[in-house]
Amino acid sequence: MTDKLIYSGKAKQMWTTDDEDVLRVIYMDQATALNGKKKDKIVGKGRLNNKISSLIFEYLKKNGIKTHFVQKISETEELVKKVKIVPLEMVTRNVAAGHFSTRFGVKEGLIFESPVEEMYFKSDELDDPFINESQTHALKIATHEELNTMWEISRKVNRLLTDLFESIGLQLVDFKLEFGKTKEQEIILADEFSPDNCRLWDLKSKQHMDKDVYRRDLGSLTSVYKEVLERLQKKLGGP
Ligand code: C5P
């Protein structure tokens with residue numbers, strides 16, 4: 001059967017496979033910021049995102065988190081379980097940065113006593129607006145139980161990855177997760193986990209080791225992603 005393109009996003013494409021429950025993801029050499037208003041081709045980025053995200057998803061899987069990840073099949077491709085994406089971006093913040101700092105006028109670097117949790121409605125046309133729990137119910141996006149499940153998984157991911165990154169000299173400042181529903185109606189972690197959707201600061205130098213390098217024009221994006229990948233590979237093994 002010929003594979004069909006079913007989704008083409010800002011930095012990834014999804015194709016069908018012979019197995020109707022499995023999709024093939026292609027990570028592209030594309031970086032975007034400001035909801036697609038800033039866009040550039042960055043050679044080697046797709047490969048780095050794929051490698052980092054597969055290492056992290058394998059680590060999460062090993063630690064009991066259910067994810068859509070099946071396996072990495074090439075430098076830039078992976079297989080994932082087909083899910084229906086819940087149109088929410090679930091953001092967890094350990095330290096003030098980015099929009100939290102600009103929105104509330106606090107300095108970047110303020111460490112929160114307990115993590116801040118925020119939700120955004122996934123919509124390019126509406127610029128991903130902030131959304132609260134009652135609004136998600138009114139719009140029939142998720143039930144109370146489903147939100148609970150997603151936040152429980154987010155908290156586990158935060159604990160696991162805060163420790164993992166700390167052990168390789170990086171501070172997990174914040175991150176965004178997306179979830180999907182399987183055909184059995186189970187909520188599992190989807191999308192990717194890479195420096196595209198989290199902030200990582202070097203513990204010693206405080207250098208930005210994530211997409212802020214691109215958003216803020218701070219230097220070479222691929223060199224910092226490569227550094228993150230090398231530290232993860234040293235810790236977790238893998239190709
Ligand atoms: O921009 P903001 O400070 O709200 O981002 C919080 C975290 O969520 C950051 O790690 C950022 O990379 C991630 N994020 C994302 N996709 C978005 C918005 C934010 O991955 N559309």
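1. The model is predicted: local features need pLDDT of at least 70, side-chain atom pairs count only at pLDDT 80 or more, and totals for chains, interfaces and linings use all residues. Residues are numbered from 1 along each chain as its sequence is written.

2. Residues 6-231 are 31% helix and 32% strand, where helices (H or I, at least four residues) and strands (E, at least two) are DSSP runs numbered from the N terminus.

3. The chain is divided into domain 1 (5-81) and domain 2 (84-220), with bounds from an automatic or database domain assignment. Their contact (C-beta atoms, placed from the backbone, within 7 Å) takes 18 residues from domain 1 and 21 residues from domain 2. On the domain 1 side, α1 gives the largest share, seven residues.

4. The largest nonpolar core has 49 residues, and those with the most contacts inside it include L172 and F179. Such a core joins buried Ala, Val, Leu, Ile, Met, Phe, Trp, Tyr and Cys residues through C-beta atoms within 7 Å; buried means that 20 or more other C-beta atoms lie within 10 Å of a residue's own. Because domain 1 (5-81) and domain 2 (84-220) both give residues to this core, it lies between them.

5. Around the ligand stand 14 residues, the closest being G98, H99, D174, K176 and N197; the criterion is a C-beta atom, placed from the backbone, within 6 Å of the molecule. Elements supplying at least two residues each to this shell include α2 (98-104) and β11 (170-181).

Methods. A residue is buried if 20 or more other C-beta atoms lie within 10 Å of its own, exposed if 12 or fewer, and partly exposed in between; C-beta atoms are placed from the backbone. Two residues are in contact if their C-beta atoms, placed from the backbone, lie within 7 Å.
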